[in-house]
Amino acid sequence: MEAANKLSTIAKTFKPSPIQELSHLAQSCNAINLAEGFPDFPAPLHLKNAAISAIHSDFNQYRHVQGVCDYLAKIVNEKHNLDVNPQTDVAICCGQTEAFAAAVFAIIDKDDEVILFDPCFETYEACITMAGGVPVYVALDPPHWTLNPETLKRSFTEKTKAIVLNSPHNPTGKVFTKVELEVIAGECCSRDCLAITDEVYEYVTFDNNKHTSLASLSGMKDRTIITSSLSKSFSVTGWRVGWAIAPPLIASAIKNIHVKITDSAPAPFQEAALTALTTPQEYFELLQKDYEYKRDFMVKLLEGIGFQIAFKPQGSFFLFAELPEDFPFTDVFYLVYLSCVPSNDGICKEDDREGRSGGCARAWIFSR
Ligand SMILES: Cc1ncc(COP(=O)(O)O)c(C=O)c1O
């Protein structure tokens, strides 16, 4: 049997993820993993204890922990002045990744267009394509990754169904401004278009930058699907607890899809999420300070060795660094090279949109 002939059309279009490839390369060389975007600090002790206690208490079966929805609704209602109903508007999923995929499957039909900002996180395009949708890229203008309202307006067509907004942003470190959010909200409302937000870096913002949820802008609550997770805020990317928050009909569709794909997020970690979601504010203040210190360290380090950093990250833990002018190799070569070098210092990872976003290496702030 020729297995290649048995693959679905969509499976044939996918290549191995460059991030996964670099990750495997790093593992095979016993090098620091420069590829995947996960925090480098241990999960907070109170969370680990909650997970251990849940395992000891035999939370081992399929599970939906309503308390997680209750806490999430309380948090977003207080923080973003929304009126999320925990009974009807929240779907717990396996990380933001599954929440996003389920959200896309819930709203996207064949040939529907979905606007993405370029550069963007790699999973969005794949999910949209799997659902039969068509990604439409709107370039953010370097070096400050500003959104040009005219470019955005021009990208809407009769087929535009949704727009994806990730802020704080991977891979640029941008936090979208209030004015930019208003432009996006205005277009969504006038075009009767949905928005899917990815807010996994909501607690990682620097200087005077603050995270604002698009859903909190006028007219957006009923057309926004918020997706996020515990992953980045608590250094638990492997626990796979995330969520989608949406108007009831869409949230219900997301729940139905989630049940068909994975049934439920890991039971002990949903229990631990109850603890995570009641973490005092001081934790997030420390998290912010720590990342800000690391950002400043990384910027100084890279500039000191000849990289140009035109845009100091405002949030998330990524930055764009231009390779030194006299550098003899391509950015991809450089990243592969870095992936193979055991080191205790800073890391860089590949921006796989070479050609679209220019010859930059994407660096991840993690090292002291
Ligand atoms: C922008 C962005 N969204 C989502 C994720 C994945 O989140 P999760 O672990 O909740 O699936 C990542 C991970 O790197 C990310 O950078």
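Predicted model: local features only at pLDDT ≥ 70, side-chain atom pairs only at ≥ 80, totals over all residues.
User: Hi! Which residues come nearest to the ligand?
Analyst: Gly95, Gln96, Thr97, Ser229 and Ser231 come nearest, out of the 13 residues around the ligand. Being near here means that a residue's C-beta atom, placed from the backbone, lies within 6 Å of the molecule. Residues are numbered from 1 along each chain as its sequence is written.

User: Thanks. Which helix gives the most to that shell?
Analyst: Helix 6, residues 95-107, does, with three residues. Helices (H or I, at least four residues) and strands (E, at least two) are DSSP runs, numbered from the N terminus.

User: And how many shell residues are nonpolar, polar or charged?
Analyst: Two are nonpolar, 10 are polar and one is charged. In that scheme Ala, Val, Leu, Ile, Met, Phe, Trp, Tyr, Cys and Pro count as nonpolar, Asp, Glu, Lys and Arg as charged, and the others, Gly among them, as polar.

User: Switching to the sheet: what is the strand order?
Analyst: The order is 1-7-6-5-4-2-3 in an open sheet of seven strands, with mixed pairing. Two strands pair if DSSP finds at least two bridges between them.

User: Why is one side of strand 1 and of strand 3 left without a neighbour in the sheet?
Analyst: Strand 1 (90-93) and strand 3 (134-139) stand at the edges and each has a single partner strand, so one side of each lacks a neighbour in the sheet.

User: What joins strand 2 to strands around it?
Analyst: Strand 2 (residues 113-118) runs parallel to strand 4 (residues 160-166), with three bridges joining them. Strand 2 and strand 3 also run parallel, joined by six bridges. Ile115 stands opposite Ile163 in strand 4 and opposite Val136 in strand 3.

User: Is strand 2 mostly covered or uncovered?
Analyst: Mostly covered: five of its six residues are buried. Buried means 20 or more other C-beta atoms within 10 Å of a residue's own, exposed means 12 or fewer, and partly exposed is in between, with C-beta atoms placed from the backbone. For the protein, buried residues make up 44% of the 368 residues.

User: Last one, how many helices and strands are there in the protein?
Analyst: The secondary structure comes to 13 helices and 10 strands. Along its principal axes, the C-alpha trace spans about 60 × 60 × 55 Å.
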